[in-house]
Amino acid sequence: MKFPSLPIFLSLNGGYIDTLGFLSLSGLFTAHVTGNFVTLGATAALGLSGALSKVLALPMFCVVVFVSRLICLKLQSMGRSPIKPMLVVKLALLAAVAIYALSHGPFQADGNVVTLVVGLALVSAMAIQNGLHRAHLPKASPSTLMTGTTTQIMLDLADLLAGSKAEEVATTKARVKKMAAAVVTFALGCGFGAAGYMFAPAAAFSLPAVLAAVALFASTAGAEAN
């Protein structure tokens, strides 16, 4: 059996963390940070908790992407691939959250300081994943942004049905297959994240760290830039 590629692990973890974070941390989106604009509006309208984490999520995401990019560029200038080092940093963040969750969880959806720190740690981990994926795994489908991926799948299927040029059919089919795998894997991650929240709300935070550790040994073949 072929060992899953790195993008598969990233998509699975992306769906899992986003769902678990949303359910456990006052409706905070840790991967789809712009979705927090919607939940922030709901928080204000309905008087719910967790407003501060939603306000800080996007700035934190932006800062981490910016800083991680500078680190990646520095590593590249030294002749080193930044993929493994940044995955290790992401693993460290997820491991810290897992350890804290096991000793102090489950978290209460009340917008306290603990929830804020844990939420921003997960946002930081997902920021590293998103930045690394976009800059250094450009041939792989996005691991957290499923709207654009689903749109492209439907466009490609329509093109195939309408009769694409013969030389484009193979490329289009391969792209659809790759993107569909990302969507399905992300959806599975969402399902597992929901199940984790229902049956083991504290221990569920351990799986992202485990997946991130295993992902260190996954192949990036076909995903990295030339």
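Predicted model: local features only at pLDDT ≥ 70, side-chain atom pairs only at ≥ 80, totals over all residues.
Mentor: Helices H4 and H5 cross in a left-handed way.

Trainee: What is called a helix, and where do the numbers come from?

Mentor: Helices are DSSP runs of H or I with at least four residues, strands are runs of E with at least two, and both are numbered from the N terminus.

Trainee: At what angle do the axes of H4 and H5 cross?

Mentor: Roughly 160°, and the axes come within 10 Å. The axes are lines fitted to C-alpha atoms, for helices over the stretch in contact, and the angles run from 0 to 180 degrees between N-to-C directions.

Trainee: Which residues in H4 and H5 meet?

Mentor: On the H4 side they include Ile83, Leu87, Leu94 and Tyr100, and on the H5 side they include Val118, Leu122, Gln129 and His136. Contact here means heavy atoms within 4.5 Å.

Trainee: How do the residues of the contact of H4 with H5 divide by class?

Mentor: They divide into 16 nonpolar, 3 polar and 1 charged. Ala, Val, Leu, Ile, Met, Phe, Trp, Tyr, Cys and Pro count as nonpolar, Asp, Glu, Lys and Arg as charged, and the others, Gly among them, as polar.

Trainee: At what angle do H1 and H5 pack?

Mentor: H1 (residues 6–24) and H5 (residues 113–136) pack at about 150°, with axes 11 Å apart. So H1 is roughly antiparallel to H5. Their crossing is left-handed. Leu10, Gly14 and Ile17 of H1 make the contact with Leu122, Met126, Gln129 and His133 of H5. By class that gives 4 nonpolar, 3 polar and no charged residues.

Trainee: Why is H2 called roughly antiparallel to H3?

Mentor: The axes of H2 (residues 36–46) and H3 cross at roughly 155° and come within 9 Å, so H2 is placed roughly antiparallel to H3. H2 passes H3 in a left-handed crossing. Among the residues that meet are Phe37 and Leu40 in H2 and Val55 and Leu58 in H3.

Trainee: What makes a set of residues a nonpolar core?

Mentor: The set must consist of buried Ala, Val, Leu, Ile, Met, Phe, Trp, Tyr and Cys residues joined through side-chain atoms within 4.5 Å. The largest such core has 42 residues, and Leu6, Leu87, Leu94, Leu122 and Phe205 have the most contacts inside it. H5 gives the most to this core, with 9 residues. Leaving aside neighbours within four places in sequence, Leu6 is in contact with residues including Ile83, Leu87 and Leu137.

Trainee: Is valine 33 buried or exposed?

Mentor: Valine 33 has a relative accessible area of 6%, so it is buried. Buried means under 20%, exposed over 50%, and partly exposed in between (1.4 Å probe, protein chains only). Valine 33 sits in the loop between H1 and H2 and touches Ala57, Leu58, Phe61 and Val123, not counting residues up to four places away in sequence.

Trainee: Why is leucine 56 called partly exposed?

Mentor: Its relative accessible area of 31% puts leucine 56 in the partly exposed class. Leucine 56 lies in helix H3. Leaving aside neighbours within four places in sequence, leucine 56 is in contact with Leu116 and Leu120.

Trainee: What is the class of glycine 105?

Mentor: Glycine 105 has 27% relative accessibility, so it counts as partly exposed. Glycine 105 is placed in the loop between H4 and H5.

Trainee: What is the phi of serine 26?

Mentor: Phi of serine 26 is near 60°, a positive value in a residue other than glycine. Most residues other than glycine have a negative phi. Serine 26 belongs to the loop between H1 and H2, and at 12% relative accessible area serine 26 is buried.

Technical notes: Residues numbered from 1 in each chain as written. Heavy atoms only, no water. Parallel < 35°, antiparallel > 145°, perpendicular 65-115°, else oblique. Left-handed = near helix turned anticlockwise from the far one by under 90°.
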